[in-house]
Amino acid sequence: MSSYSQMQNGVIFFPNSTNIGDDIQTYAASLLVEKPVFCNRERLDEVTKNTQLLCNGWFMENAIHWPPSESVKPLFISFHISSKNLELMTSAKAIEYYKQHQPIGCRDHHTLNLLESYHIDAYFSGCLTLTLPKYEGTRGNEILFVDVLRTNYSKNYRETIVKNIIPDAYKDKVTYVSHFSDDLNNLDAQARMSQAKQLLDRYAKAKIVFTSLIHCALPCVALGTPVVFIDFGFNNNDAKRDRFNGIIDLFHIESDLTAPFMERNLAAKLGRGFRLHNLKKDQIKKLSEEIFNYSEVTTQHLDKVEKMKTTIQNYFTRN
């Protein structure tokens, strides 16, 4: 067993991600941990240096590498177990590991209920990105559409729907932003953190943000930026939606949208494939003009934020 002598601090990092939302989570963690090293989320079993690790985020792509090595001393907070690799993430070995390092702070109710079903001491911590500092500066006029509909449906169908849910009065006032880029793989960790910070600075100064990404919406909540979550067109399988419970309660949600060929059946799929939706744009329900002036920001997350900060500070100063 490791003695944890000469301990280094670590935060979770996913170097192969093409989603800057992963980097935003790492950036948020790095603000709470002194001089952290970046630990590859998918290779924690290969860590050889004694590391006290802030273990948060989505787990994981390659669960054959779970649990971490004995050199890792984890603080589980804002932890999510995906349905994607549920069997390996809840193997007998994994369950024993959670029990060794309980209590487990869970990012969502799916993970909380799952761990409690194995008699693991767990609690709902919320997401670590909620600890990002609130922006106190001047807000601009930028209206951002960030991956609305994300990657649901074909690109042509998605773009047609997104462009046509915007009222005519705002069509020329919206700027489109995406979290997804293959270019991220060409950057080192520090460059990725710099890009994450730049994007967060943009969100902080925006008038309002529309998105279907929780790791755009959650940082906006923390920053104090009005955000509207477009909950439309998602697959209903567990792997797509298991992250939402306990999280989207913090957002204003727009889900009462309709569009031709949006159903998940063969006839609708064929309609989208032949791009018949382009002939029925008048059937796409638009967002209200009023929602573009939405300005409310919630404070219901602040108690959890303080608890997360205190838990992390106590852990890394005590060990």
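User: Why is aspartate 256 called exposed?

Analyst: In this predicted model, aspartate 256 has a relative accessible area of 51%.

User: What makes the contact of aspartate 256 and lysine 285 a salt bridge?

Analyst: The side chains of aspartate 256 and lysine 285 meet with 2.8 Å from N to O. A salt bridge requires a side-chain nitrogen of Lys or Arg within 4 Å of a carboxyl oxygen of Asp or Glu, and therefore the pair, at 2.8 Å, qualifies. Because aspartate 256 is in the loop between β11 (252–254) and α9, while lysine 285 is in the loop between α9 and α10, the bridge ties together parts that are 29 residues apart in sequence.

User: Is lysine 285 buried, partly exposed or exposed, and how do you know?

Analyst: Its relative accessibility is 33%. Buried means under 20% and exposed means over 50%, so lysine 285, with a value in between, counts as partly exposed.

User: How do you know that arginine 202 and glutamate 142 form a salt bridge, and which parts of the chain does the pair link?

Analyst: Their side chains meet at 2.7 Å, N to O, and because the cut-off is 4 Å, this pair is counted as a salt bridge. The two residues are 60 residues apart, with arginine 202 in helix α6 (residues 189–205) and glutamate 142 in the loop between β6 (122–124) and β7 (143–146), so distant parts of the chain are linked. Arginine 202 is partly exposed at 32%, and glutamate 142 is partly exposed at 27%.

User: What separates aspartate 201 and lysine 197 along helix α6?

Analyst: These two residues are separated by about one helical turn, because they are 4 residues apart in helix α6. Aspartate 201 counts as partly exposed at 34% relative accessibility, and lysine 197 counts as partly exposed at 38%.

User: How many salt bridges does the structure hold?

Analyst: The structure holds 7 salt bridges, including the pair of aspartate 256 and lysine 285.

User: Which residues gather in the patch of positive charge on the surface, and why can lysine 286 be part of it?

Analyst: The patch consists of Lys163, Lys171, Lys281 and Lys286. Patch residues need over 30% relative accessible area and no salt bridge; lysine 286 has 36%, so the area condition is met. Lysine 286 is placed in the loop between α9 (266–273) and α10 (302–318).

Methods: Residues numbered from 1 in each chain as written. Predicted model: local features only at pLDDT ≥ 70, side-chain atom pairs only at ≥ 80, totals over all residues. Heavy atoms only, no water. Patch = residues over 30% accessible without salt bridge, like charges linked within 9 Å, V, L, I, M, F, W, Y side chains within 5 Å. Areas by Shrake-Rupley, 256 points an atom, 1.4 Å probe, with all protein chains shown as cover. Lys, Arg positive; Asp, Glu negative; His and termini not counted. Charge placed at Lys NZ, Arg CZ, Asp CG, Glu CD. Buried < 20%, exposed > 50% of the residue type's maximum accessible area, 1.4 Å probe, protein only.
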